[in-house]
Amino acid sequence: MGKKQQATAQLHQAPTEHTTAPLSAASLEQSIRHHLTTSLARQLASATHHEWWLATCFAIRDHVLNRFICTQDLHHSQDIRRLYYLSMEYLTGRLLYSNLLNTGLLEPIRTALKALGKDLDSLLDEESDMGLGNGGLGRLAACFLDSLATLEYPSIGYGMHYEFGLFRQEICHGQQVEKPDNWLIFGNPWQIMRSENTQIIPLYGRVVDHFDEKGDWCPLWTDTQEILGIPWDIPIVGYGVQTVNFLRLWESRATDDFNLEEFNRGDYTEAVLGKIRGENISKVLYPNDSTENGKELRLIQQYFFVACSLRDILRRYKNAHKDIREFPQKAILHINDTHPSIAIPELMRILIDVEHLPWEQAWKITQQVFAYTNHTLMPEALECWGIALFQRVLPRHYQIICEINRRFLETDVERKWPGNSDKKWSLSLIRDGVVRMAPLAVLASQSINGVAAIHSRLICERLFPDFYALYPKRFNNKTNGITPRRWLQQCNPRLSDLISENIGVAWQRDLEELKALETLAEHKAFQESFMQVKQQNKEDLARVIQEQLGIIVDPTALFDVQIKRFHEYKRQHLNLLHVLGLYRRILHGTSPTTLPPRVVIFAGKAAPGYAVAKMIIHAINAVGTKINHCPHAKDWLKVVFLPNYNVSLAEKIIPAADLSEQISTAGTEASGTGNMKLALNGACTIGTLDGANIEILEAVHRDNIFIFGKTESEIEELRAQGYHPWEFCRQNKNLQELLDWMRSDYFALPDGQNPVKALAERILCGGDPFFVLADYADYGRAQSWVEQSFLDPKHWAIKAILNTARMGRFSSDRTIREYAEEIWHLPVVKIP
């Protein structure tokens with residue numbers, strides 16, 4: 001048997017490394033029958049589609065939990081060092097398919113269901129996306145959990161058990177409307193309640209001076225309100241190994257759900273008020289913080305999550321150890337962005353007030369166990385809390401932060417810059433009426449990393465330059481990565497199979513093996529097969545677009561994709577300006593031979609309180625409505641906005657993309673991971689020298705990526721000189737005419753609104769804060785290069801293949817190995 005035939009035979013077999021004998025299709029069929037009758041009380045003939053899906057999940061969960069118990073038993077018996085990963089978000093997506101893939105049970109379960117008269121693919125759509133995240137931060141955390149289990153590193157993820165996700169996005173009259181994302185309405189078969197590990201969390205209250213039996217001062221946090229934290233565990237299955245780690249999520253509940261006395265008096269609302277307040281904490285991901293009540297809920301949410309997690313982590317440690325001073329030998333706590341940084345004063349409080357360690361010893365332990373990843377340069381995401389709010393909600397923690405700050409300024413800062421009050425003001429954790437959590441995370445962590453080379457450099461140069469001057473050895477870079485299990489094998493099985501048929505299956509465990517595709521890039525037969533896969537994926541997406549929106553698109557057109565959270569710095573409005581430029585060319589009779597048909601696809605959510613981002617969505621839909629109904633543009637341009645962007649929708653869009661829009665202003669995007677997912681699936685990137693785009697450029701080489709725009713240093717120079725967007729308008733006649741057109745009533749809606757005009761005014765009169773007009777001309781040049789390249793199918797195929805072939809370094813497996821070896825110092829623990 002030749003290599004290609006061997007690979008084809010291996011495509012759908014279970015992974016073999018460290019696995020026991022796989023379950024047979026017959027045993028899985030029996031397990032599904034068993035769960036239908038005993039878990040769901042259903043006869044086979046009367047079971048609904050949803051119940052068949054549940055029974056299938058339960059059958060797989062049985063197998064997963066056996067592995068989970070073996071994993072946890074071995075970790076406990078060997079008393080291993082663990083990673084505790086703290087993140088407010090985990091955007092896991094659906095779990096049935098990924099659990100089947102990782103356990104090697106995909107084909108056996110397909111066979112079992114077929115014997116029962118059911119089709120696996122139709123059942124998969126019964127699962128809702130877990131509403132545990134928003135965007136790149138949560139998706140990265142989910143990729144990391146996958147890689148940690150696959151690489152057999154002992155770890156536990158900690159997060160929040162949100163009842164509702166961020167929101168379900170609907171588009172009504174072109175505008176975003178937020179609806180509740182009730183992802184738990186029908187329960188979740190993967191989660192397990194651990195009520196025996198419930199935590200009691202105090203809030204508010206006051207701090208009183210107290211002296212212990214030895215006469216030593218011991219402040220007492222008293223008169224608090226208490227909230228219960230209920231843990232839910234979700235197994236995290238490693239690919240091709242026996243390891244099953246887990247994600248623990250905290251649900252908030254009131255200590256007293258129901259006031260019978262109030263109820264008997266007839267005040268039914270007051271009777272359950274405590275229950276409502278308690279449950280609000282874990283009710284929704286990222287409550288709107290544009291109000292004081294919203295800010296307070298956000299702070300309580302963050303503290304509740306880390307307080308539950310720290311109590312649980314220390315409970316685990318104390319079950320096997322008596323000396324709290326040895327805690328750093330067994331634990332590393334990683335703060336995923338700034339949200340969980342309140343864990344730092346909470347650990348200090350426990351060590352000082354509960355464990356009665358002296359300050360110096362407590363601070364030494366704290367600095368040994370924490371590591372911090374910064375994910376943004378945007379000021380609004382660096383977590384600053386008003387002093388009055390912080391003191392009211394967490395009075396003891398405010399005292400601790402004040403003392404951390406005092407000691408820091410009087411020791412390290414004074415030694416480095418004696419008598420320099422400007423430096424002390426710059427570095428202070430408390431200033432301008434706020435408590436600054438990002439500097440606290442930097443000060444208390446043994447390691448501080450960015451998530452792309454440029455981002456890590458800017459952290460040192462722009463965000464924390466004085467901290468870098470004090471502690472240069474703490475700062476490092478860990479470029480983000482993505483799991484190839486979800487973002488190639490699962491979302492693009494056609495391409496996955498094609499790759500394995502040609503180079504074998506080793507790439508599934510080591511993504512660098514994709515380099516073997518480079519030798520096939522010039523082969524006509526492989527080019528045709530690769531582009532046929534792309535075409536089939538585009539046809540699938542075209543059907544989704546027609547089903548959801550009623551818009552018919554040409555699957556042979558260039559699929560130009562920008563899918564990400566809406567924010568001005570991500571510059572979806574720059575893309576829209578280019579779309580309008582294309583539309584003008586079509587209206588002016590541009591020759592079809594120089595303009596390939598194009599379908600521009602947008603997807604993403606805007607924060608409920610972010611008016612400008614919501615205006616951009618409205619403008620995109622207004623322009624789309626105009627273009628999609630224009631007979632002149634019918635065969636050449638379509639604009640599509642797919643609502644309610646989530647992991648499952650991304651899995652449909654990414655395999656079909658030809659062009660990946662990564663066009664943020666240089667120096668604003670930390671890394672991005674959508675750029676990696678799209679390139680891995682054979683999309684060519686058009687992008688600025690920002691985030692991980694720079695490293696993608698290094699990997700795929702300049703001929704296979706469309707780079708444009710001002711560099712980060714050029715942007716800073718332009719800002720320093722005084723940026724005037726009108727100047728760029730006057731220098732570019734086409735741009736001036738385009739903006740004049742936008743500011744007219746051409747795009748006015750029947751209800752009198754004109755979001756396109758409002759967007760143009762925002763760009764011209766609002767200072768263009770993210771330099772859209774400064775990059776417009778060069779963006780147009782790069783898009784012209786895209787058009788020329790796409791009109792040459794052979795050379796476009798080579799570019800697409802080489803993008804896939806050179807994405808090996810962007811596996812989250814590589815990222816996690818770097819973290820584990822250089823920061824966390826974790827052992828690999830193989831489960832036999």
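Figure 1. In helix 32 (residues 755-765), the buried residues are Pro755, Val756, Leu759, Ala760, Ile763 and Leu764. Buried denotes under 20% relative accessible area, exposed over 50%, and partly exposed in between (1.4 Å probe, protein chains only). The model is predicted, so local features need pLDDT of at least 70 and side-chain atom pairs count only at pLDDT 80 or more, while totals for chains, interfaces and linings use all residues. Residues are numbered from 1 along each chain as its sequence is written, and side-chain values use heavy atoms, with hydrogens and water left out.

**Figure 2. Packing of helix 2 against helix 3.** Helix 2 (residues 25-39) packs on helix 3 (residues 49-77) at an angle of about 120 degrees, and their axes lie 8 Å apart. Helix 2 is therefore oblique to helix 3. Axes are lines fitted to C-alpha atoms, for helices over the stretch in contact, and angles run from 0 to 180 degrees between N-to-C directions; angles under 35 degrees count as roughly parallel, over 145 as roughly antiparallel, 65 to 115 as roughly perpendicular and the rest as oblique. Helix 2 contributes Leu28, Ser31, Ile32, His35, Leu36 and Ser39 to the contact, and helix 3 contributes Glu51, Trp52, Ala55, Thr56, Phe58, Ala59, Ile60 and Asp62. By class, the contact of helix 2 with helix 3 holds eight nonpolar, four polar and two charged residues. Ala, Val, Leu, Ile, Met, Phe, Trp, Tyr, Cys and Pro count as nonpolar, Asp, Glu, Lys and Arg as charged, and the others, Gly among them, as polar.

**Figure 3. The loop at Asp635.** Asp635 is located in the loop between helix 25 and strand 20 (637-641). Its relative accessible area is 55%, so Asp635 is exposed. A distance of 8.8 Å separates the C-alpha atoms of Asp635 and Arg598, which are 37 residues apart along the chain.

**Figure 4. Context of the close-ups in the protein chain.** The secondary structure of the protein chain consists of 35 helices and 23 strands. Of its 832 residues, 60% count as buried. The C-alpha trace spans about 90 × 70 × 60 Å along its principal axes.

Definitions and conventions
Helices (H or I, at least four residues) and strands (E, at least two) are DSSP runs, numbered from the N terminus. Contact means heavy atoms within 4.5 Å.
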